[in-house]
Structures are given as structure tokens and as C-alpha cells.
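Hi,

Here is the structure I promised to hand over. Have a look at it first, and then read my notes below.

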Amino acid sequence: MDFKNIPNKYRPIPFWSWNEKLDAVEIARQIEQMQSVGIGGYFMHARGGLQTEYMSKEWFDNIEAAADEAAACGMHPW
């Protein structure tokens, strides 16, 4: 394995706490930040304080936006 270019599937994949009003533009910005520091993916995790109704259409729209951005960055969304 080339340890200078580790594939994303072997990089850290943290829980990403969603605990505010979800916004697709902000989600994309945060994913790009995670990718830039070597994060290989993320677990989208609803937490107390979430202002977007859990399992609503808006929730799933943000899940889709996060998955699409992950694909664009070569990351793994969970």
C-alpha cells in the first residue's frame, strides 16, 4: 500500500452529528472541508437539537445532497 496516498476506504470515517437546521449548501461545504483534511467518509447522525424534522422529505433531500457530494469527492457516506 502506498501510505502517502491511502484510499478513502481506509481513512477515518467519523460520526457527523446533525444537530441544527440542515442546509444542502452548508452540507456540501462541510463535506469539502472533511475531504480536504483526509476524511474518507462519514456517518450522518441525527442528534438532539436537530431542527429539520427527522425522516421528513427535507431530511431525505439533505441525505441525498450529502450522498451526491460524497460521490463527487470520492468519499463514503453512511
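Helices H1 and H2 pack at an angle of about 35°, with 9 Å between their axes (axes are lines fitted to C-alpha atoms, for helices over the stretch in contact, and angles run from 0 to 180 degrees between N-to-C directions). H1 passes H2 in a right-handed crossing, meaning that the near helix is turned clockwise from the far one by less than a right angle. On the H1 side, the contact is made by Ala 24, Ile 27, Ala 28, Ile 31, Glu 32 and Gln 35; on the H2 side, by Asn 62, Ala 65, Ala 66, Glu 69 and Cys 73. Contact here means heavy atoms within 4.5 Å.

Before you go further: this is a predicted model, where local features need pLDDT of at least 70 and side-chain atom pairs count only at pLDDT 80 or more, while totals for chains, interfaces and linings use all residues. Residues are numbered from 1 along each chain as its sequence is written, and side-chain values use heavy atoms, leaving out hydrogens and water.

Helices (H or I, at least four residues) and strands (E, at least two) are DSSP runs, numbered from the N terminus.

**H1**

H1 covers residues 24-36, and its end C-alpha atoms are 18 Å apart, which agrees with the 18 Å that its 13 residues should span at 1.5 Å a residue (the expected span is 1.5 Å times one less than the number of residues). Its buried residues are Ile 27, Ala 28, Ile 31 and Met 34 (buried is under 20% relative accessible area, exposed over 50%, partly exposed in between, with a 1.4 Å probe and protein chains only). Down the helix axis they fall within an arc of 125°, so they line one face of H1; the arc is that of the directions from the axis to the C-beta atoms. They pack against strand S1 (15-18), strand S2 (41-46) and H2 (57-73). Val 25 and Ser 36 are exposed on the face turned away from the buried side. Just after H1 comes Gly 38, with a positive phi of about 95°.

**H2**

H2 has 17 residues and reaches 24 Å from its first C-alpha to its last, close to the 24 Å expected. Trp 59, Asn 62, Ala 66, Glu 69, Ala 70 and Cys 73 are buried in this helix, and they line one face because they fall within an arc of 105° seen down its axis. What covers them includes S1, H1, S2 and strand S3 (76-77). The face turned away carries the exposed residues Lys 57, Ala 71 and Ala 72. Asp 68, also in H2, counts as partly exposed at 48% relative accessibility. Gly 74 follows the helix, and its phi is positive, near 70°.

Ile 31 touches Trp 16, Tyr 42, Ala 66, Glu 69, Cys 73 and Met 75, leaving aside residues up to four places away in sequence.

Finally, look at Met 55, in the loop between S2 and H2. Its phi is positive, near 70°, in a residue other than glycine. Most residues other than glycine have a negative phi. Met 55 counts as partly exposed, at 49% relative accessibility.

Cheers
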